[in-house]
Amino acid sequence: MVDQNLSVPKYWRKIPQYYRLTAVKCRKCGRVYFPPRAVCECGSREFDEYELPRRGKLIEYTVLRSVTSDFEKQRPLAFGIADLGGVRVFGQLVDCPNPDKLGEGAEVEVVFRRVKEDSDYGIIYYGFKLRPVKGCW
Amino acid sequence: MAVGIVGWGAYIPRYRIKTREIAEAWGDDALRIRDMYLVEEKAVGYIDEDPVTMAVEASRDALTRAGIAPSEVGAVFAGTESKPYAVKPISSILIDALNLKRQVYSVDMEFACKAGSDAIVNLMGLVKSGLIKYGIAVGTDSSQGEPGEHLEYTVGTGAVAYIIGSTNLVAEIKHTYPFASDTPDFWRRDGSPYPVHGEGFTGEPAYFRHIIGAAKGLMEELGMKPNDFDYAIFHQPNARFPVRVAQMLGFPLEKVKPGIVVDLIGNTYNASALLGLAKVLEEAKPGSRILVVTFGSGAGSNAFYIETTDLLPSRVKLARTVGEMLEDKVYIDYSLYLKYRRIIRMIHG
Amino acid sequence: MHNSALGYINGFAITPPGRYYDKGYRELFAEVALKALEAAGNPDIKAIYVASALSELTGEQLAIGNVLRDYAGLRNIPSIRIENGDGSGGFAIMTALNHLASAGNGCMLVVGVDKPHEVISLKQNKYASYLLDSDYEAYFGATPVALAAIMAKQYMRSYEYKYEDLATWAIKMHERGAKNPYAYFKRAAKLKDVLDSELVADPLRLYDVSPFVDGAAALVLCSKPNPNDLAIGVINYGFGASNSYFASRNDYTVLSSVVEAAKAVGPLENFNGVVSVHDTYSIFGVLALEALGLCKRGSALRLLNEGYFDQGGRVMVNLDGGLKAVGNSMGASGVYQMAGVVMQLRGDKPFNGLNAESAMVEDMVGVDQESVVFTLRVVK
Ligand SMILES: [Zn+2]
C-alpha cells in the first residue's frame with residue numbers, strides 16, 4: 001500500500017474551519033473564537049457556530065523562503081494576518097506577487113485553495129487562504 | 001412551471017500568460033499562432049488552484065447572487081474533465097465548502113467540455129419534477145495541454161456556477177435541445193496526462209456538426225430564427241470557431257462577440273460557453289433572448305434558449321463580475337507558467 | 001543559607017554544539033551525563049530528567065530514557081522525558097526542582113539532548129513547524145520564523161527602528177561567540193555580512209536565525225551545595241503563557257509569556273548580573289529584554305546598540321553568544337543556557353573576571369507559547 005504521510009482524520013475533522021472559517025460565538029458574552037475553544041474567557045462553555053466574514057483587512061504579512069518539506073515546491077510562501085470582522089486570522093497570502101506594494105490595511109478576501117498534498121497518491125488538502133482584492137502588483 | 005437561472009457566479013484566476021510568450025519558448029511564429037486561434041492570452045491558475053477550488057469560488061458567488069440559503073440547495077452537479085482525483089468527487093467537497101445540507105443529490109459529470117451544461121439540464125428536470133427546490137450546476141476546468149503541442153496555446157483555466165430553480169429567476173431557460181454522436185475528435189485515455197486530438201477532425205465532423213445540429217434542432221422545434229435572438233453564445237475552443245459557426249447559422253458578429261471570452265482567458269472547457277453566458281448576463285437587458293450551445297468532444301452539444309427577466313440587472317453587482325475578472329490580471333512568463341501548472345516533471349509532487 | 005535556594009547546581013557539562021553525524025542520542029547523552037555526575041562528585045541520583053524535543057522525530061525513539069540510561073550505565077533510576085518544544089530544557093529544570101522540593105533532599109540529573117541534524121533541512125523546518133498550532137498554523141506551511149518575522153516587522157514599525165538596528169543583535173552575538181570555545185559560530189560578523197545574508201522571512205535574514213545544532217548539556221541539581229565547590233543556587237523560577245494561536249494575540253510586539261514568567265519570579269528592574277535569553281531569532285532576544293522588565297518597551301534595541309547590555313554593564317546579556325552563536329539545540333537549548341550562566345557565575349574560561357553574583361535565564365517555547373524564567377545566585 002502507498003504510504004500515507006499525512007493524517008486524513010486530522011484534516012477531515014477540521015473541514016468546517018479549513019473550508020468555511022467556522023468559528024464559535026459565546027452564548028453568554030458574544031465573544032468569537034477562531035480557532036474554536038472549549039471554554040470562553042467569561043467562563044461559559046456554551047457556543048454557537050459562527051462563520052467569519054469572507055472580507056477583511058490585512059494587518060501584517062511576511063514572505064517565508066525557507067519552507068517545510070510539504071511546501072518545497074510552493075515556495076516562497078507569503079503569510080498574512082487579517083482582521084475578519086474583528087477576529088484575527090492567520091493564513092497564506094496568495095495571488096500577490098509584490099505584497100510590499102500593498103497599502104496599510106489592504107482589503108483581503110478569503111479564498112478556497114489547495115494547501116498541500118500527500119505525495120502523488122495521497123489525499124489533497126484544501127483550506128482557506130487570504131487574497132488581496134487589489135494593489136499588489 | 002418556469003425553470004431557469006436564479007443566480008450565477010464565475011471565477012477566473014488572476015495570472016495570465018500571453019500566447020506570444022509560449023510561442024517564443026517553442027520557436028513558433030507568434031503571429032501565425034494568434035491568427036490561427038485569435039487567442040491573445042490565457043488565464044493560468046496558481047499552483048494551489050484546481051477545478052475544485054475554482055468551483056467553490058464560482059459557487060459561492062452564485063449563491064450570493066441568488067440570495068438563497070445554502071440549506072435550500074437540493075442538488076450539486078459538477079461538470080469537469082480535469083478532476084484532481086480520478087476517484088473522489090468534486091461535488092462532495094462543494095457540499096462542505098458551501099455548507100450545503102447533507103440531503104443533497106451530488107455527482108461529478110464528464111462529457112469532455114459539455115458536462116457543465118448537462119448539469120444544468122439535469123437540474124432543470126429535478127426542479128420541474130419537484131424533487132428539489134434549487135440545484136447548483138458547475139462547469140470547472142484547468143485542463144491539460146501538452147507542452148510544445150498546440151493545445152497549450154488555448155487551454156485556459158476557469159469555472160462558472162449556476163443556481164437552477166423555479167422562483168426568483170434572473171433568466172428563464174425556455175427550451176433545450178441535445179445533439180450527440182460517437183465522434184472521436186479529442187480524448188484523454190485513463191492515466192494519461194495530456195489529451196490527444198485529431199487537429200482538423202475536431203472541426204467539421206465534431207464541433208460544427210454538433211453545434212449546428214443542436215442549434216438548428218432547437219430553433220426548428222421553437223419555430224425561431226437567428227433574428228429572434230439578441231445573443232448567441234457557443235463553445236469556445238478558440239475565438240475562430242464560435243465566430244465561424246455563428247456565420248454558418250446566420251448570426252451577425254455583434255450578437256456573438258459579447259459572449260466570447262476565449263481570446264482573453266483561453267478555452268476553459270466546461271466553463272467555456274457558460275462563462276460567455278455569465279458575461280452576457282452582466283450586460284443583457286431584461287427580456288433579452290439568448291441562444292447558448294455548448295460542445296463536448298466525443299461528441300455532443302446542448303442548445304439552450306434563455307430569456308432574461310426583470311430581476312437580472314439588480315443581481316449583477318452582488319458578486320465579482322466576469323468583466324472585472326478579465327481586467328484583474330498579472331502576467332507571468334513561461335517558466336512561472338510551468339511551475340504554477342505543475343508541469344515541471346518531478347519525482348515528488 | 002541552604003534554604004535560600006530551590007536547588008544547587010553541583011555539576012554540569014556541555015558538548016560543543018555541532019553536527020554530530022558520528023554520534024546519536026545515546027552517545028551525546030552519556031558524554032555529558034557522566035561528566036556532570038563526576039563534577040558533582042558522583043552523588044546518588046533520584047531521577048533523570050531528559051529534555052528532548054525531537055527524540056521520536058529525528059531519533060525515531062520513544063521511551064528514550066531507558067536506552068540512554070542503559071548506555072550510560074546509570075542503573076535503577078527512573079527517567080522522565082520532558083517535551084515542551086525548544087523550551088524542553090527549562091521545563092525539565094523546573095520539574096526537577098519541583099521533584100527536589102517534594103523529595104526534601106538528594107540530587108536530580110537533568111540532561112538536554114537533541115539531534116536536528118539526523119534529518120535534512122526541509123524536515124528540520126517541518127519539525128520546527130510542530131512548535132506552532134499544528135491544525136491552524138503549521139497546516140498552512142507556517143514555521144516559527146514566519147511569525148517571528150511578523151513580530152519583527154511590527155516592532156520595527158512601532159518603534160521606528162531600521163533593520164540595521166536589529167542586525168546589531170547578530171553582530172554582538174557573533175562577536176561573543178568568537179570568544180566562546182563552546183559556540184557553534186566562532187566567527188565575528190560585520191554589518192555587511194548580515195545585510196548580505198539571504199532573506200528567510202522578511203525582514204529576518206539568515207543571521208537573525210539561530211542555527212540548528214546537535215547538542216547535549218547536563219546539570220546535577222541537588223538540595224545541598226557541594227561543600228568542595230562554589231555554591232550556585234537556583235533562587236526562584238516563574239512560569240508564564242500566552243495565547244496559543246498567534247494571530248489572536250493582537251499585540252505582536254511583546255512576548256507575553258515572558259512578561260508573565262518575569263512577573264511570577266519577582267521584580268527584576270533592579271537586577272544586576274548576567275542574563276541569558278532564548279534568542280531563537282534576533283527579535284526574540286530583543287523582545288525578551290523588554291519582557292523581563294530590564295528596560296522599557298521599545299527601548300531594548302536602542303539600548304543594545306548603545307552597548308547597555310554588553311560585558312561590564314549592570315545587565316550583561318548572552319555573554320556566550322546566545323542561541324545565535326551557540327546554536328539552537330531545541331530541547332537541549334535551555335540546559336545549555338543554564339550551564340552557560342553557571343560558567344559565567346563561576347568565572348570559568350572564557351568568562352573569568354566577570355565577578356557576577358546573580359544570573360537570570362529565560363527559556364521560551366516556540367513563538368511565545370510558554371516561558372520559564374530562573375534566577376540564580378552565588379550563595380555564600
Ligand atoms: Zn463568553
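Domain 1 and domain 2 of chain C bury about 3,100 Å² between them, and carbon and sulfur atoms give 70% of that area; buried area is the accessible area (1.4 Å probe) that two parts lose on being put together, summed over both. Three residues, Ile14(C), Asp86(C) and Val213(C), supply 23% of the area that domain 1 of chain C buries against domain 2 of chain C, more than any other three residues. This is a predicted model, in which local features need pLDDT of at least 70 and side-chain atom pairs count only at pLDDT 80 or more, while totals for chains, interfaces and linings use all residues. Residues are numbered from 1 along each chain as its sequence is written, chains are lettered from A and ligands numbered from 1 in the order in which they are written, and side-chain values use heavy atoms, with hydrogens and water left out.

The domain bounds come from an automatic or database domain assignment. In chain C, that assignment gives domain 1 as 2–120 + 213–222 and domain 2 as 136–211 + 232–378. The C-alpha centres of these two domains of chain C lie 23 Å apart. Their contact (heavy atoms within 4.5 Å) takes 41 residues from domain 1 of chain C and 39 residues from domain 2 of chain C.

Between the two domains of chain C there are 16 residue pairs in polar contact, both residues at pLDDT 80 or more. A polar contact is a pair of N or O atoms within 3.5 Å; within protein, one must be able to donate a hydrogen and the other to accept it, and residues adjacent in sequence count only if both atoms are side-chain atoms. On the side of domain 1 of chain C that touches domain 2 of chain C, the largest share, eight residues, comes from H3(C).

The domain interface of chain C has zero salt bridges, whereas five are counted between chain C and chain A. A salt bridge is a side-chain nitrogen of Lys or Arg within 4 Å of a carboxyl oxygen of Asp or Glu. Lys14(A) and Asp135(C) form a salt bridge through their side chains (3.8 Å, N to O).

Notes
Helices (H or I, at least four residues) and strands (E, at least two) are DSSP runs, numbered from the N terminus.
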